[in-house]
Amino acid sequence: MAKFSMNKKEKSVGTEIKTAIMTGVSYMLPLIIAGAVIMGIARIGASFYGIDNIWDGSHAEAANAIVRLFHAFDGFGGLALSLMLPVVAGYIAFSIADKPGIAPGMVAGLLAKEMGTGFLGALAAGFIAGYIVKLLVTKVKLPKSVASAGPIFIIPVGGTLLACLVMMYIIGDPLAAMNRGLESWLLSMSDGNKIVLAAVVGGMVGFDLGGPINKAAVTTAMAMLASGIYDPNTAAQVAIIIPPIGIGVATLIWKQRFPHSLQDAGKASTLMGLIGVSEGAIPFALANPKIIIVNVIGSAVGAAMAVGLGAVNRAPISGFYGWLAVENWLVYVVAIAVGSGIIAVGSLLVFKGEELPKKQEESKPKFKITRAQ
């Protein structure tokens, strides 16, 4: 296995990648928790006023001041969550290349978010930025007269520009093409077996939790609503909330199986699931990608069960505040419970008490600009 030399110690590529992901997750968690709780307050509070879309801009002009406040709260929570991908990318780069990697990583992560590549794109952005900066820091030799410009000019400018170019012209286009292909494929399946279609939609939604595959399934399902085709939407709305609820419940029942930081994330994940935000499960997928397989299975089973037993959701709403409006709502809720239960139990095969790094300093390589003699 290839190895890099760092601080006179050797660290394998696999160890460096795992440490980088864990570092990114640990810095991302406070944003997820803050965003989830604030959005939860907004959406649960709005439900008492009969409002199930408090995020809609029309509520900013509502006559009721409390409704306007809840709308603002939802926006605050959304802002916190919008920083999730840039921060995880920035601190993955930080783990690889120390402080010079933060700015390029965050900017590349923000670009990944804007391009709709999801957390997989953010991961790629973090590693691309980190290794580009690491290469610049260790290989670029500057004359003594301009060496001081390296950390404040050459590294941030060069690292950011190169990382963004790679994201824009190498990573982004393939993901966008994949997204279009998945949408076409789902449309072609709409005349087939509805249970199979529901399972496929559910599995796609549960795969990358807001990423391009998830978005392809949800967007296509919502587009079919206009034609009076409700099964894909039912499957998608069920699958959106199964992973965060399932993994959140697992952290409550089998707390000792999860690192301390992920225990806290589990509480936010449950709340995010109940209000219809699948991103609550992202920290767990980053910490241990094996849980993605469990997420796909649980989401597919729950979605197929809901559609197969006759539940019909005619609105693009996945949060609990819309459940009673679903035709055969009891079946719908039971399907969510079954899918979530599969993920909760399946998490026992994935999480076995691993710990996140307790000291960030242990995960930070140290580099110095080399001056030419």
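This is a predicted model: local features need pLDDT of at least 70, side-chain atom pairs count only at pLDDT 80 or more; totals for chains, interfaces and linings use all residues.

Modeller: Residues are numbered from 1 along each chain as its sequence is written, and side-chain values use heavy atoms, with hydrogens and water left out.

Colleague: How many helices and strands does the protein chain have?

Modeller: The protein chain has 13 helices and four strands. These are DSSP runs numbered from the N terminus: helices are H or I with at least four residues, strands are E with at least two.

Colleague: Why is Pro 243 called buried?

Modeller: Buried means under 20% relative accessible area, exposed means over 50%, and partly exposed lies in between, with a 1.4 Å probe and protein chains only. The relative accessible area of Pro 243 is 0%, so Pro 243 is buried. Pro 243 is placed in helix H9 and touches Gly 206, Leu 209, Ala 281, Asn 295, Ser 299 and Ile 343, residues up to four places away in sequence not being counted; contact here means heavy atoms within 4.5 Å. Across the protein chain, 51% of the 373 residues count as buried.

Colleague: What makes the largest nonpolar core a core, and where does it lie?

Modeller: A nonpolar core is a set of buried Ala, Val, Leu, Ile, Met, Phe, Trp, Tyr and Cys residues joined through side-chain atoms within 4.5 Å. The largest such set has 74 residues, and Phe 119, Val 201, Leu 262 and Phe 351 are among those with the most contacts inside it. Helix H9 (residues 231–253) gives the most to this core, with 10 residues. Domain 1 (13–186) and domain 2 (189–350) both give residues to the core, so the core lies between them; the domain bounds come from an automatic or database domain assignment. A second, separate core of 17 residues includes Leu 111, Ala 125, Val 133 and Cys 164.

Colleague: How do you know that the length of H2 agrees with that of a helix?

Modeller: The expected span is 1.5 Å times one less than the number of residues. For the 18 residues of H2 this gives 26 Å, and the end C-alpha atoms are 26 Å apart, so the two values agree. The buried residues of H2 include Val 67, Phe 70 and Leu 81, and their cover includes H1, helix H3 (84–97) and H10.

Colleague: What does the comparison give for H10?

Modeller: Helix H10 (residues 260–274) has 15 residues and reaches 22 Å from its first C-alpha to its last, close to the expected 21 Å. Its buried residues pack against helix H1 (13–47), helix H2 (65–82), H9 and helix H11 (282–287). Just after H10, Gly 276 takes a positive phi of about 90°.

Colleague: Why is the pair of Phe 258 and Phe 284 called edge-to-face?

Modeller: Rings of Phe, Tyr and Trp (its six-membered ring) pair if their centres lie within 6.5 Å; planes under 30 degrees apart count as stacked, over 60 as edge-to-face and the rest as tilted. By this rule the count comes to 12 aromatic pairs. The rings of Phe 258 and Phe 284 have centres 6.0 Å apart and planes at 85°, so this pair is edge-to-face. Phe 258 is in the loop between H9 and H10 and Phe 284 in helix H11, 26 residues apart. Phe 320 and Tyr 321 also form an edge-to-face pair, at 5.5 Å centre to centre and 65° between the planes.

Colleague: Are Phe 320 and Tyr 321 buried or partly exposed?

Modeller: Phe 320 has 28% relative accessibility and therefore counts as partly exposed. Tyr 321, with a relative accessible area of 17%, is buried.

Colleague: What makes the charged end of Arg 314 sit over the ring of Tyr 230?

Modeller: A charge sits over a ring if NZ of Lys or CZ of Arg is within 6 Å of the ring centre and within 35 degrees of the ring normal. The charged end of Arg 314 is 5.0 Å from the centre of the Tyr 230 ring and sits over that ring.

Colleague: Which value of phi does Leu 209 take, and where is Leu 209 found?

Modeller: Phi of Leu 209 is near 50°, a positive value in a residue other than glycine. Most residues other than glycine have a negative phi. Leu 209 is found in the loop between helix H7 (194–208) and helix H8 (212–225), and its relative accessible area of 1% makes Leu 209 buried.
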